[in-house]
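Please read the numbered points beside the structure.

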Amino acid sequence: MYILAPSILAADFGKLGEAVKKTEDAGAAYIHLDVMDGAFVPSISFGMPVLSSLRGYTSQVFDVHMMVEEPGRYIEDIKKAGADLITVHQEACVHLDRVIGQIKAAGCRAGVALNPATPVSTLECVLDQVDLILIMTVNPGFGGQKFIPYTLKKVRTLRRMLEERGLQTDIEVDGGVTTENVRALMEAGANVFVAGSAVFKNDISGNVKAFMDIFKEQES
Ligand code: DX5
Ligand code: ZN
């Protein structure tokens, strides 16, 4: 099953609840929330208060992407703010195994993200412990960037590694995803698609539906 996870980073924050609800009504099962600390990535985005305010507007899966150094410090608080799925960067965790354990102990699904230059082989030891792997298809930190083509090969390699182990782990892609390149990403083995600009620019409902149509065409 293919899932769309609109990233609110590209939304109008003055009308955030309304915009998120539109994506839910049009068929997006997840909402992607980019938490940035100004240290792991240059930008600062938002944190727990925004997450908990939004929680009342939607029943979508809260897919929290932590672009934060040592995110283990915040797992409990992020869970309390409404997270269902918490994804941390391999590059930001000295003790990745421990942080994955913390996420699960908090009752959330655990995801691990990789920057474009980090090889998928780095996750070999934890593959069977995670629920989702996020392959960054741009350098994290900003919305509206261009998709980096070599990341497609990483998705393919990772899907093969998972299949060899009999795992059906979700592969999420994030950055520069559009209705133009989503088919290639699906073919490579990704099944959860983050899209910021491609969803929140202009007609939100129409943009979500365009992704949904592509998913349906592949599922039929
Ligand atoms: C980038 C964030 C993304 C971003 C995607 O660091 O992780 O989720 O919002 O935005 P687009 O789809 O515009 O590239
Ligand atoms: Zn993200």
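1. An oxygen atom of ligand 1 lies 2.7 Å from a polar backbone atom of Gly141. This is a polar contact, that is, a pair of N or O atoms within 3.5 Å. The protein covers 99% of the 380 Å² of accessible area that ligand 1 has on its own; such areas come from the Shrake-Rupley method with a 1.4 Å probe.

2. The model is predicted: local features need pLDDT of at least 70, side-chain atom pairs count only at pLDDT 80 or more, and totals for chains, interfaces and linings use all residues. Residues are numbered from 1 along each chain as its sequence is written, chains are lettered from A and ligands numbered from 1 in the order in which they are written, and side-chain values use heavy atoms, with hydrogens and water left out.

3. An N or O atom in the side chain of Ser7 is 2.8 Å from an oxygen atom of ligand 1, and for the side chain of Ser197 the corresponding distance is 2.3 Å.

4. Which residues come nearest to ligand 1? Of the 20 residues around it, they are Ser7, Gly141, Asp174, Gly196 and Ser197; a residue is counted if one of its heavy atoms lies within 4 Å of the molecule. By class, this shell has eight nonpolar, 10 polar and two charged residues, with Asp, Glu, Lys and Arg counted as charged and Gly among the polar residues.

5. The strands β2 (30–36), β3 (61–67) and β8 (192–195) each supply at least two residues of the shell. The largest share, three residues, comes from β2. Strands here are DSSP runs (E, at least two residues), numbered from the N terminus.

6. The space taken by ligand 1 is the largest pocket. On a 1 Å grid over the protein atoms alone, a pocket is an open set of points with protein on both sides within 12 Å along at least five of seven lines, and lining residues have an atom within 4 Å of a point.

7. For "binding site", an unreviewed UniProt entry lists His32, Asp34, His65 and Asp174; such annotations may be inferred rather than shown by experiment. They span 143 residues in sequence, yet no two of their C-alpha atoms are more than 10.6 Å apart, so they gather at one spot. Of these residues, Asp34, His65 and Asp174 are included in the lining of the largest pocket. His65 is found in strand β3.

Conventions
Polar contact = N/O pair within 3.5 Å; in protein donor to acceptor, adjacent residues only side chain to side chain. 1 Å grid on protein atoms, 1.4 Å probe; cavity = no way out; pocket = protein on both sides within 12 Å on 5 of 7 lines; lining within 4 Å. Sits in = over half its atoms within 2 Å of the grid points. Helix = DSSP H or I, 4+ residues; strand = E, 2+ residues; numbered from the N terminus.
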